[in-house]
Structures are given as C-alpha cells and as structure tokens.
Amino acid sequence: MMIDEALKERIEKLTLDFVGVYTSTGTARERRAEGFYRSWFGSMGYFKKRAELAGLYEIPGDHLNRSIPWCLLKGAGSATVVLLHHYDVVDTDDYKSLQDLATEPGELMSALREGRVELDEESAHDLKSGKWIFGRGTADMKGGACIQMALLERYAEIAESGALQGNILLIGLPDEENISAGGRAAPRLLKRLKDEHGLHYELALNAEPNDRVTGTSRPEIFVGSIGKIMPLFYARGKLSHAGMVYDGLNPIKIMSKIVEKLDVIADLIDSADGVVSPAPTFLYLKDAKNIYDVSLPISASGYMNVMFLKKSVGEIMGIVTEKCAEAFEEAIADVQRSFDSYVKAGGGEPRALPWKANVKLYSELHAEAKRDSGEEFERSLAAATLDIGEKVASGKMSLVEASHAVIEHTLLHVRDASPVVVIALVPPYYPVVANSMLSQSAEHANRACDEIIARAKSEFGDDYVKYYLVGMSDLSYFMKNPATGDDEYIKNNMLLWGDIYDIPFDELRDISMPVLNIGPWGKDIHEHTERVFREDLVNRTPYLTAFAIEKILF
Ligand SMILES: [Zn+2]
C-alpha cells in the first residue's frame, strides 16, 4: 500500500483525536473509547452496509462492563490477519501541574516549550526538533492503534470493490496496563468469529511501541512476548508477647529470609532466542498487623514478579518451593542460636525449640482442609469466594487482598495450627509466547518477518532486530505454546481461578496463531515525557504494517 499524504494526515488526526479520549486503565473511563469506535465504524461505508461485521463484544462478567470493539473486512478465502491493540492508557498523575493537558498533545507541547515543567536533556532536544508528538498514550499505544485503524479504512475500500484477498479483523482491547481483561476475553470472541465466518487465523499483529536497542539506533520487531507469574508467600508464625519472644515464632523473620533467598535470584534468570529475562523481584511485603501492640504479628506475606521465557511454571515453582524450605530452616536455626545464647546468659541448659519448617503449595493446603473439615469447608469456601468476588468487583478489595482472604479462610479449616508457609499463585498470569515455539505453522509468519526486516533496511535504512516484548503484552493470549503443561498447574494453584480470574485455554488453543509486533518508536512510556516519533507513526510503521498484512494475505 502507498503511504500517501492523505493517509499520513489521517493517521495523525486519528491519533490526536483518540489520545484526547482519556481512557485510564482499570477505571470506568475506559468505556469512553466505545463512542470513539462506534463513530469510527459508522464513518466507513463498508460497515454501514454490513452492520453485522462490526460491533462491541461485551466481556463476560467484567466488573466495569468493558467491551472489545471489533470489525471484520471479508475478502476471498479464509486466511485472516488480526490487528490488535489496547485502548487503555496509564493515568496522568505523572504530569503533575500539566495533568489537564496530558491528553492534548498540541497544548501540552506548547506548555513544555514555555518551560512550565523541567525536562531532561533528551526530551528537551526531541521537543525542540519538532519530530516527536508528546502526550499520554501517543506511544503506548493510541499511535499504533490509529496506524491500524487508518490502514483498515483503506483496506475497507478495497474490500468494498470486491478485490480484497483474505480477511482483516481489527480488535481494540481494554485493561492491558492492568490485568488484560480484554486480552483474556479475546480468544472467546475470536473463536466465535472463526466459527461464524470460517476464518483461518494466520497472524496476530500488535503495534506496541518499541524503543531502540540500548546504546544503538536499532529498532525492534517483536516475535514473542515474555511470560509472567506472581508467586505469593503467606507465612504464619506463632503469636507471643515480645517479652516472651522465644515462646513465639515471628513470621517477619521467616518472610525476610524468603525475600533474601528469592529476590533477584540468579537461578530464575531465563533466556531464549537471545532474549534474557530480568531477575524476579518482590513487589509487596507486609505483615498482618493493623495497630500497634507488643505481640509478634500472626502472619506476614509478600509476592514477587517472575518473568520467564523457557522455564515451565512447574519448574519455577519447584525452585521457589525449595528456596522457601531453606529459608524456613535458616529462620528456625537463627532463633535457636539466639535462644541458646539467651539461656546460657542466664546460666541455664540449652534445649531445642519446637519449630519445624513446613512449606506447602496452596493446592496441598486445600486438600488438607478438605480432609480435616470436609464438605463444611467446601461450602464455606464457596460462600466466602462469592463474597470476596463481590468485594473485588466493587473495588473494595484488591486481587492480593482477595488472595489473602482465601488462604486465611482455608487455614481456618486445617487442624494443624503450627507455623507454616503457604505458596500460591496470584493473578495476573501471562503465558510466554514466541513464534519459535510453533513448528510449521509459523513458517509463513517467520518468512514475512524476515522480509519486513529486509524491506525496512532497503526502504528506510532501519536495521531491525528480532526481540521479545519484555514488558508483558496482550500477545500472550493469542498463541498457545503446544509444549508446556502449565495450564493444569495454573488451574490448580492460582487463587481465585475460575471465580474472579481466568484465561479460556480451550478457546486459546483453538485460535492459536503466530504473533508479531511492529510499532512506532516511542520514548519514556508511562512517564510525563511519553512521546512517539512522527516519521514512524505516519510513514514507516504503517508502511511496514501494510507490507506485513499483504505478505500474509496477498
Ligand atoms: Zn502498551
């Protein structure tokens, strides 16, 4: 497709309009996007005549009643390219005094030029160059969304004339910056459309921005998306007055040993296809105490972010469990040594404290509660889950608080009241996806990817590098890795699974397709200096996106 002046103007205009619709993630504001898509569908003759080929797919059970806007261009044959993007953005708090202008790029850039907030050197340079568009969502990712939308308008004209080869499905997803409610619901919509229209999905094409490879001017094309799980650790100790410290066991002691063992642990750095995952780190650590008193807290907990590429979830959790057991042993040994000194100082005879390391997965705790309390436990857990679900839906409880509530409720039904560490998985879960996991079915996409890279070089002198999206993305929900048994593990150990949070694995397996991400150059995403490179936005990225679509379909 020719990227002519009219198309360039169209992309820029659409981007500025869409950025102006502030759709902060995880809030009711996301639904503002619906009107934008509705009027966009209505602006195209193709969909005026074929209203059944565009719509808003309501996300089942979504507490904010969000939907997935979608539209389908039907041409000859079953081959289908899916253009996907997310329409939520992170909030604008970072803009401080310019918050009101965050979604108005023109006014924002004027205010920045007037020096109304301090800019770092690179941002100031980019602002002065006039080559960048600043504003919340310009790069992440309404710019990419509008490239897809403007191209789709052109393909709609081709489809209208009956000359379109293959099919193009465009979908807009909410909640990507939060827990991907849109991405996780998408397989259900795609399955329905596949069955209704006899589609064969050849490629999922996302348009998240890319930054240059560190220290180079090389852009990135993404051929995969990193996986992520969040193990949660709940340590229950034994309560005592701080003056009788050896009568109790402080769960803070146990948790801090766990953090020391697991935070940035090198054993969990993972790599595949030349991509290396960052080491895991704790995002949360807290005891259960709400007010001051002189007792040891009864429990403490924390969770960590683990990103992975080749390791299975079971493998990761095996390492995590082993380190927890070591941590527990060491915590007890520390206390014992201290107790020995204390006793000796008073002239007494050292003796062994009663503590035993006890680490279990939530699935094991659940089985124990069932054994000890039977049906009564299952009934009360179901009731508690219902109540917890309502609190999460109304925003009164976070998913982490909900996870704690489930563990605590289960512990109440276990007879053994001794100190224990329970390990569970909490939402969200992003499966790792990569075209290298698919054998033959990705050949077409892999070839297209190589040709895109060659074309970018010959046309623009851009030297693209293949990489993975390492900040998580919705692409996780468009391909199913055929090799792992992670599904079962997740189902058995993820708290709230099926009640409040789920991924439709069966539909995902059915619609699974190769993935690619070609997006414009973006800088400082999620910061007040977020900006997109205009030349990529209006020319280079749309050119390469159209090239990819046509390589697959034409
Ligand atoms: Zn994004």
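## Two domains

Domain bounds here come from an automatic or database domain assignment. For this protein, that assignment gives domain 1 (5-225 + 432-478 + 513-553) and domain 2 (227-426). Their C-alpha centres sit 40 Å apart.

This is a predicted model, where local features need pLDDT of at least 70 and side-chain atom pairs count only at pLDDT 80 or more, while totals for chains, interfaces and linings use all residues. Residues are numbered from 1 along each chain as its sequence is written.

Where the domains meet, 9 residues of domain 1 are in contact with 8 residues of domain 2 (contact means that C-beta atoms, placed from the backbone, lie within 7 Å). On the domain 1 side, the touching residues split into 6 nonpolar, 3 polar and no charged (Ala, Val, Leu, Ile, Met, Phe, Trp, Tyr, Cys and Pro count as nonpolar, Asp, Glu, Lys and Arg as charged, and the others, Gly among them, as polar).

## Glycine 137

Look in the loop between β4 (132-134) and α6 and you'll find glycine 137 (helices are DSSP runs of H or I with at least four residues, strands are runs of E with at least two, and both are numbered from the N terminus). Glycine 137 counts as buried because it has 29 C-beta neighbours inside 10 Å (buried takes 20 or more other C-beta atoms within 10 Å, exposed means 12 or fewer, and partly exposed is in between).

Setting aside neighbours within four places in sequence, glycine 137 touches Val19, Val89, Thr103 and Lys142. As for tyrosine 57, it is 80 residues from glycine 137 in sequence and 23 Å away in space, C-alpha to C-alpha.

Note on methods:
Two residues are in contact if their C-beta atoms, placed from the backbone, lie within 7 Å.
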